[in-house]
Amino acid sequence: MANLTLHGLVVKSTGSWQTVLTDAGQTIACKVKGNLRLRGLRTTNPVAVGDRVTIVQREGDEVAFISEIGDRRNAIIRRSPNLSKQSHILAANIDQAALLFTIARPETTTTFADRFLAGAEAYGVPAIIVFNKIDDLRPEEFKAMETLETIYKDAGYPCYRISALNGSGTQELLSQLEGKLTLLSGHSGSGKTTLLNTLIPEAKARTAPISEVHGQGMHTTTYSTLYSLPSGGALIDIPGIKGFGTFDFKQAEVGHYFRDIFALSYGCRYGGCTHTHEPGCAVRQALDNHQLAPSRYVSYLSMLEDESEGKYRKDKWV
């Protein structure tokens, strides 16, 4: 039997199976060819949603195999939650990443947000912040959101306020999403799937209530899927993540991925300043003068420790 060679885009990944939309418009279930896992790739998933791939299918067979992965222009990558020496690719070849941030129920920590934003910066992915559930904020929580919004806008990140549940603010956000391939990320319970259903009703993705015991979201998205926006562009919905361990970051590079800290570092007395103890450090001076948010500096310090293998216990970065 002759082999058919086709090219397409990975639009769904369940781990063992990938769904590829071919250039001819056909949807084909694929497996990853074994030798792709033997090329020294330090990743738990060599293929991700957003990848351009070559697939080979024997005539008459329902299953095809991915034989090649096209060059990636970028990707969002984090440290594998179970294997500290390997990475996990969340999505590839995307135009931007949208981080859904909830002040409460569940709380998105600034450490998680800053790590995600630094990861996007490191791999060349523009990022935006979407404050969700603004309809559910108490007065003091609304003030906290305003403070964080100022911090991230000052750092150079576009911010949006929405309620995915009632649709407030979603039209303004949609104008930022149209015509682009966007990764939706955030903790479980941050409202990614609700937002997806609001923007793309035909997606009919499953949602679940927040756990009353832990105040955290329960996983409803179990695999990564690409959904086309009716007005152009597409969204990649991925399972909610609790933590974001960075992968292959060197200590000297960490400051480069914090836009505000990097801008301040030009004023440091010494090149290669770690912003921890050196005299004449412009970053620590800005911190003392309330020109740099303490939360950003704390996140920066935490990432300086990421080269320590012991930091990544199996249960920490799930």
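Where is the place of N93? I found N93 in the loop between β7 (87-92) and β8; helices (H or I, at least four residues) and strands (E, at least two) are DSSP runs, numbered from the N terminus. N93 is not a glycine, yet has a positive phi of about 55°. N93 is buried, with a relative accessible area of 12% (buried is under 20%, exposed over 50%, partly exposed in between; 1.4 Å probe, protein chains only).

Ground rules: this is a predicted model, where local features need pLDDT of at least 70, side-chain atom pairs count only at pLDDT 80 or more, and totals for chains, interfaces and linings use all residues. Residues are numbered from 1 along each chain as its sequence is written, and side-chain values use heavy atoms, with hydrogens and water left out.

I looked up H290 next: its phi is also positive, near 60°. H290 sits in the loop between α7 (282-288) and α8 (294-304) and is exposed, at 75% relative accessible area.

I checked for a cis peptide bond and noted one joining R105 and P106, with omega about -5°. P106 lies in the loop between β8 (96-101) and α1. Most peptide bonds are trans.

I then turned to the nonpolar cores (buried Ala, Val, Leu, Ile, Met, Phe, Trp, Tyr and Cys residues joined through side-chain atoms within 4.5 Å). The largest has 46 residues, and I76, Y152, L183 and I236 have the most contacts inside it. Helix α1 (residues 110-122) gives the most to this core, with 5 residues. A second, separate core of 19 residues includes V130, L184, L195 and I200.
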